[in-house]
Amino acid sequence: MTDSYTATRARMPELEQRVAADPGRFRVLTGERPTGALHLGHYFGTIRERVRLQARGVETYVILADYQVIADRDTSANVAENVYNAVLDYLASGLDPDRTTIFVHSAVPALNQLLLPFLSLVTEAELHRNPTVKAEQAASGRALSGLLLTYPVHQAADILFCKGNLVPVGKDNLPHVELTRTVARRFNERYGMTFPEPEAFVTDAPEIPGLDGRKMSKSYGNAISLSMTEDETARVIRRTRTDSDRAITYEPDRRPGVAGLLSTAALCTDSTPEAVAAEVGDRGSGALKQFTTDAVNAFLAEHRTRRAELAVDRSIAARVLRDGNRRANARADATLSEVRERMGMAYGYQ
Ligand code: TRP
């Protein structure tokens, strides 16, 4: 996985150039699973990138992958609320629903019908080899569900239903993009040219450290959600475990909590962890926490104001999703018809 990450990163400048030269040739499909509140890790990892690609004029689809939630969890509680909140964060971040299609996986039945032919194109051994699936299964502490084993194929359908050819993702999703390329290639070989082989687009901040220095994740309790109030932000930052060494230094291995705070403050002030450490100097972790709180709250102030305005009327987000689902369904229906045509399974009496 690390090797393919390095190789993908190395291709980024050239890919950036191709996108800038001809944005109309690209279609972005990306998204996330609505497992909880979106946090700074999502923002710096992919959301900011989507807004940038949208501004370049690249057609963009964003999927809220609700079925993926139950791949490694045994409850779908809160999914609807998480979907609603994600839409608020997308809009507050600058995604424009007229230019970007925001939709929910389960609302697009034709997309899921692609799963069956796609499953026929991969082997069970290939599915078992996926390093992210293995890691997620281990982290879940549960037996490997059929859905978890096959969800990268679902994800191939998510990407290919709209013929997405550019997929902004974090490092852990690279194996899924690789599998999507395999599915597209094999489908094309067997049934004739139908799908593009999508390229992964990785940002330079693919894994944002959380407040404790581990990857930022709601399940680690080390995340700052975009929707938190200023006080809630101060509280989670205060809870970070640091040490009593007054001199603030950036040493991720030895001082993970301090390093997590420094990285967060640096991202929010467009600086580096080392520069923030120098600025806090020997004023200790109390001062570092205050600095980080102020940096995050200033960075998110505008986002939070816009978010609150959108939250006044629930029908705003509802309308965005209804519209997005309609557009995604039209695309999925067209692609499914083409697939059935290619497979000789368009019977003409349906
Ligand atoms: N698996 C992604 C995640 O971990 C979410 C996702 C679902 C996705 N379908 C996608 C990402 C298609 C990119 C493209 O959050």
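Mentor: Helices (H or I, at least four residues) and strands (E, at least two) are DSSP runs, numbered from the N terminus. This model is predicted, so local features need pLDDT of at least 70 and side-chain atom pairs pLDDT 80 or more, while totals for chains, interfaces and linings use all residues. Residues are numbered from 1 along each chain as its sequence is written, and side-chain values use heavy atoms, without hydrogens or water.

Trainee: After which helix does the segment holding Y347 lie?

Mentor: The helix in question spans residues 314-342. Y347 belongs to the segment that follows α15.

Trainee: Is Y347 buried, partly exposed or exposed?

Mentor: Buried means under 20% relative accessible area and exposed over 50%, with partly exposed in between (1.4 Å probe, protein chains only). Because its relative accessibility is 42%, Y347 counts as partly exposed.

Trainee: Which element gives the most residues to the shell around the ligand?

Mentor: The ligand is surrounded by 14 residues (each with a heavy atom within 4 Å of it). At least two of the shell residues come from β1 (27-32), and at least two from α9 (146-160). With 4 residues, the element that gives the most is β1.

Trainee: How much of the ligand's area does the protein bury?

Mentor: Polar contacts (N or O atoms within 3.5 Å) reach nitrogen atoms of the ligand from the side chains of Q68 at 3.0 Å, Q155 at 2.9 Å and N173 at 2.9 Å. Taken alone, the ligand exposes 370 Å² (Shrake-Rupley method, 1.4 Å probe). Of that area, the protein buries 92%.

Trainee: How many residues apart are R314 and E81?

Mentor: R314 and E81 form a salt bridge, with their closest N and O atoms 3.4 Å apart (the limit is 4 Å between a side-chain nitrogen of Lys or Arg and a carboxyl oxygen of Asp or Glu). The pair links distant parts of the chain, since R314 sits in helix α15 and E81 in helix α4 (residues 79-93). Their separation in residues is 233.

Trainee: How many salt bridges does a search of the whole structure find?

Mentor: Side chains of opposite charge can pair when their charged atoms come close. Another example is R99 with D96, at 3.2 Å from N to O. Over the whole structure, the number of salt bridges found is 25.

Key
Polar contact = N/O pair within 3.5 Å; in protein donor to acceptor, adjacent residues only side chain to side chain.
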